[in-house]
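Let's take a walk through this model, one piece at a time. Keep the viewer open as you read.

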Amino acid sequence: MSGSGRLAAYGPILAVAAALAMVPLLTGSNTVLNAMVTALLIGLAGQGWNILGGYGGQFSFGHAAFFGTGAYATAILQARYGVNAWAAFAAAVALGSLAGLVIGFLSFRSGLRGSYFALVTLAFAEVFRIIANATPITGAAAGTLIRLDVRPENFQFASRAVFYWIVLALVVAVLILTRMIERNRFGAWLVAIRENEDAARALGVDTLAVKLQAIGLSAAITAAAGAFYAQYFLFVDSSIAYGTWISVEALLVPIIGGLGTVFGPLVGALALHGLAEVTRLVAGRIPGIDLALYGTLLVLVVAFAPQGFQGLVRRLGAGLGMARR
Amino acid sequence: MFAPEIVLAAVLNGLMTGAVYALVSVALTLVYGVLHIINFAHGATLTAAMFAAYFAHRAGVDPLLAAAPLALVFYGLGYGVQRFIIGPASHGEDRNILLVTLGLSIIIENLLLAAFRSDTRSIDVPYGFSTLDLGFVFLPLPRVIAFAVTCVVALLLWALLTRTDTGKAIRAVAREKLGAALVGIDVTHIYAVTFGIGAACLAIAACLLLPSYYVNPRVGNAYVLVAFTVVVLGGMGSVPGAMLGGLLIGVVESLSGLYFGESLGQLGIFLIFILVLLVKPTGLFGARA
């Protein structure tokens, strides 16, 4: 691999990381930082979805199952078992990944694809939600609180900027990871499965193993987003952790930003949350209006910009280039 | 253990509830059988229909009388949505259809939420609490009516699918899209017709549900997950499978409510759902996935 190739691959990621890292230095506004943390958090959940859905073509409608497992694991381990917050975070990522492997093993082994896979993931997320809403260990309907104790060893900080940098670091780490996947054999297998699974298998790709690795990784990333959510808001309940909203946002941001691209989920999350803030300013807090807007956006993007915003920009650029010539 | 009369009553009650499940599921499976996609906007459409029936009642029309006109309206809406939104927006790709119907469901559900908030509403009809005395068991009248109407609708659907040219065209498209197009069937039109029929079934189901049930912007979800289970159980795309599956799930829910308590009834349905998907995704009556 030549040095210049590596620069072209990873340079943009570092540039974006540096630019985003400046945000807290430019603004002291807690509102802005809060909005940015939330946007990056959703971006992270979407990055997880993008590995399985964008590169692997397996559309999950239930990534809440992994987000929620990460969130609950981090909260319960601290609140009930007194585990250190950072250790709980790591355990939450591992448990989320495990949930992904189990669901993935059950559904991929039965050969579920397309609509069937979407359905079964949706059902698993719902089962998790019903169980979490009824069992004592999750605090049932009351949810689980993490005790407020602002110390770095507790993964709690007085300044939102620190939270922002941590979630940004996670997002950047996944950007790099995604680029690495894109450039190695595993990524090629994954794309082959997306384009034609039977052909990929005929060519000797172990499709079950590749899909399992993809869902394990995908679930781990989305679980990290869930664990960070719990740590940031210090509270989880079943409708937050396993709610439909996160399943929808996790798939929406990569689709809006650009499916199966490194920057897609990040671009989508920033665009979506920018839009949501504007709507809130214009329409006030009418319940459901932001989600209705997300739905509209989803239909419009699928209809008019199948490659997401990035594809749209590229197409516009190409159009301008043609015009100049 | 319970006395046989109580178990029998639970089974009959389950059959009555199951009839509405069957109707909701037939609509879902019909669309799946022809378009080969799962319509994720199914639940939201049912909710919208229930709101329509609710406001029809507010305007002084009994839901049972509103069923036929609402079915027509929803046929038109379903036809239009498939023909002018889902069809063109999805560029013929299954994945896109999934996403577009998901988007539509989010839009419908949240517009209803924005308009009517999450309040739960119900209506009062004179026969709401009437019962039918069979000698050994009392059955709630609204559910008996629902059962009877579902049977009539099922017969009508069967006649439509087997005795009319449109029905033959629908079955031809379900079997072999390309072949149907080659012999001159307008596939886009048939897609929209099927979607319209599905929406009309939902409108009727909504009118049957309302006298004994409530409506809020999320109510359809409870039914649609049951319908997914029924459709998977009966075999995706199989209309008789959906009818029998609906009745079966109604009985299972009623009996598990009797033996394990009401709150676990729903969980039982989900577990059946996941189990069937994992063990036999083609369902009891389906040919192949």
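What follows goes from a helix pair, to the contact between chains, to a single helix. Bear in mind that this is a predicted model.

Start inside chain A. Two packed helices are described by the angle between their axes and the distance between the axes. For helix α4 (residues 64-81) of chain A and helix α6 (residues 114-132) of chain A, the axes come within 8 Å and cross at roughly 30°. Angles under 35 degrees count as roughly parallel, so α4(A) is roughly parallel to α6(A). If you want to pick out the contact, α4(A) brings A:Ala64, A:Ala65, A:Gly68 and A:Tyr72, while α6(A) brings A:Thr121, A:Phe124, A:Ala125, A:Phe128 and A:Ala132. By residue type, that contact of α4(A) with α6(A) splits into 7 nonpolar and 2 polar residues, with no charged ones.

Now zoom out to where the chains meet. Here 33 residues of chain B are in contact with 33 residues of chain A. The largest share, 15 residues, comes from α4(B).

Last stop: helix α8 (residues 187-209) of chain B. From its first C-alpha to its last, this 23-residue helix reaches 33 Å, close to the 33 Å expected at 1.5 Å a residue. Is α8(B) mostly covered or mostly open? Mostly covered, with 20 of its 23 residues buried.

Conventions
Residues numbered from 1 in each chain as written. Chains lettered and ligands numbered in written order. Predicted model: local features only at pLDDT ≥ 70, side-chain atom pairs only at ≥ 80, totals over all residues. Axes fitted to C-alpha atoms, helices over the stretch in contact; angles between N-to-C directions. Helix = DSSP H or I, 4+ residues; strand = E, 2+ residues; numbered from the N terminus. Parallel < 35°, antiparallel > 145°, perpendicular 65-115°, else oblique. Contact = placed C-beta atoms within 7 Å. Nonpolar A, V, L, I, M, F, W, Y, C, P; charged D, E, K, R; others polar. Expected span 1.5 Å × (residues − 1). Buried ≥ 20, exposed ≤ 12 C-beta atoms within 10 Å, placed from the backbone.
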